[in-house]
Amino acid sequence: MSDLIYEMKLWPFVKQAWAEVDGRLMQVMRVYEKAEADMEKITGER
(Lines give C-alpha, C1' and ligand atoms only; values in the text may rest on other atoms or scores of the structure.)
Protein backbone atom coordinates (compact mmCIF):
# COMPACT_ATOMS: atom_id res chain seq x y z
CA MET A 1 0.00 0.00 0.00
CA SER A 2 2.83 2.43 0.74
CA ASP A 3 4.11 1.86 -2.81
CA LEU A 4 0.75 2.92 -4.22
CA ILE A 5 0.69 6.06 -2.09
CA TYR A 6 4.24 6.89 -3.21
CA GLU A 7 3.30 6.37 -6.88
CA MET A 8 0.28 8.65 -6.47
CA LYS A 9 2.43 11.38 -4.94
CA LEU A 10 5.08 10.91 -7.63
CA TRP A 11 2.65 11.10 -10.59
CA PRO A 12 2.62 14.93 -11.01
CA PHE A 13 6.42 14.88 -11.10
CA VAL A 14 6.36 12.05 -13.66
CA LYS A 15 4.05 14.05 -15.92
CA GLN A 16 6.38 17.06 -15.74
CA ALA A 17 9.47 14.94 -16.38
CA TRP A 18 7.83 13.38 -19.50
CA ALA A 19 7.61 16.90 -20.93
CA GLU A 20 11.30 17.55 -20.24
CA VAL A 21 13.03 14.28 -21.21
CA ASP A 22 13.68 13.41 -24.87
CA GLY A 23 14.30 10.01 -26.46
CA ARG A 24 12.41 6.72 -26.29
CA LEU A 25 14.16 3.67 -24.88
CA MET A 26 15.93 5.37 -21.97
CA GLN A 27 13.13 7.88 -21.57
CA VAL A 28 11.11 5.91 -19.02
CA MET A 29 14.09 5.38 -16.74
CA ARG A 30 15.21 9.00 -17.00
CA VAL A 31 11.70 10.30 -16.45
CA TYR A 32 11.30 8.36 -13.22
CA GLU A 33 14.80 9.32 -12.03
CA LYS A 34 14.04 12.98 -12.65
CA ALA A 35 10.56 12.78 -11.13
CA GLU A 36 11.90 11.12 -7.98
CA ALA A 37 14.69 13.67 -7.65
CA ASP A 38 12.27 16.59 -8.12
CA MET A 39 9.81 15.16 -5.59
CA GLU A 40 12.62 14.60 -3.07
CA LYS A 41 13.77 18.22 -3.47
CA ILE A 42 10.28 19.52 -2.77
CA THR A 43 8.95 17.06 -0.20
CA GLY A 44 12.08 15.42 1.22
CA GLU A 45 10.38 12.06 0.65
CA ARG A 46 12.26 9.25 -1.03
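Which residue forms a salt bridge with Glu-40? Glu-40 pairs with Arg-46, the closest N and O atoms being 3.9 Å apart. A salt bridge here is a side-chain nitrogen of Lys or Arg within 4 Å of a carboxyl oxygen of Asp or Glu. The points below set this pair in its context.

1. Basis of the note. This is a predicted model, in which local features need pLDDT of at least 70 and side-chain atom pairs count only at pLDDT 80 or more, while totals for chains, interfaces and linings use all residues. Residues are numbered from 1 along each chain as its sequence is written, and side-chain values use heavy atoms, with hydrogens and water left out.

2. Overall architecture. The protein contains two helices and zero strands. Helices (H or I, at least four residues) and strands (E, at least two) are DSSP runs, numbered from the N terminus. Taken along the principal axes, the C-alpha atoms fill a box of roughly 30 × 20 × 15 Å. Of the 46 residues, 24% count as buried; buried means under 20% relative accessible area, exposed over 50%, and partly exposed in between (1.4 Å probe, protein chains only).

3. Surface and contacts. The protein exposes about 3700 Å², and carbon and sulfur atoms supply 58% of that area. Accessible areas come from the Shrake-Rupley method with a 1.4 Å probe; for residues, only the protein chains shown count as cover. Among contacts with a separation of 6 or more, residues 24 or more positions apart account for 39%, a contact meaning heavy atoms within 4.5 Å.

4. Helix α2. This helix has 17 residues and reaches 24 Å from its first C-alpha to its last, close to the 24 Å expected at 1.5 Å a residue. The expected span is 1.5 Å times one less than the number of residues. Gln-27, Val-31, Ala-35, Asp-38 and Met-39 are buried in α2. Seen down the helix axis, the buried residues of α2 fall within an arc of 100 degrees, so they line one face of the helix; the arc is that of the directions from the helix axis to the C-beta atoms. What covers these buried residues includes α1. Just after α2, Gly-44 takes a positive phi of about 80 degrees.

5. Gln-27. This residue belongs to helix α2 (residues 27-43). Gln-27 is buried, with a relative accessible area of 6%. Not counting residues up to four places away in sequence, Gln-27 touches Trp-18, Val-21 and Asp-22.

6. The nonpolar core. A nonpolar core is a set of buried Ala, Val, Leu, Ile, Met, Phe, Trp, Tyr and Cys residues joined through side-chain atoms within 4.5 Å. The largest one has nine residues in all: Tyr-6, Leu-10, Phe-13, Val-14, Ala-17, Val-21, Val-31, Ala-35 and Met-39. Helices α1 and α2 each supply at least two residues of this core, and its largest share, five residues, comes from α1. Leu-10 touches Tyr-32, Ala-35, Glu-36 and Met-39, not counting residues up to four places away in sequence.

7. Salt bridges within α2 and beyond. By the rule stated at the outset, the count comes to four salt bridges. Asp-38 forms one with Lys-34, the closest N and O atoms being 2.8 Å apart. Both residues lie in helix α2, four residues apart, about one turn of the helix. Asp-38 is buried at a relative accessible area of 16%, whereas Lys-34 is partly exposed at 26%. Glu-20, Lys-34 and Asp-38 are linked in a network of salt bridges.

8. The Lys-9 and Glu-45 pair. Lys-9 forms a salt bridge with Glu-45, with the closest N and O atoms 3.2 Å apart. Lys-9 lies in helix α1 (residues 2-20) and Glu-45 in the segment after α2, so the pair ties together parts that are 36 residues apart in sequence. Lys-9 is partly exposed, with a relative accessible area of 41%, and Glu-45 is partly exposed at 27%.

9. Return to Glu-40 and Arg-46. Glu-40 is partly exposed, with a relative accessible area of 33%, while Arg-46 is exposed at 75%.

10. Ala-19. This residue is placed in helix α1 and counts as exposed at 63% relative accessibility. Ala-19 and Met-1 are 18 residues apart in sequence and 28 Å apart in space, C-alpha to C-alpha.
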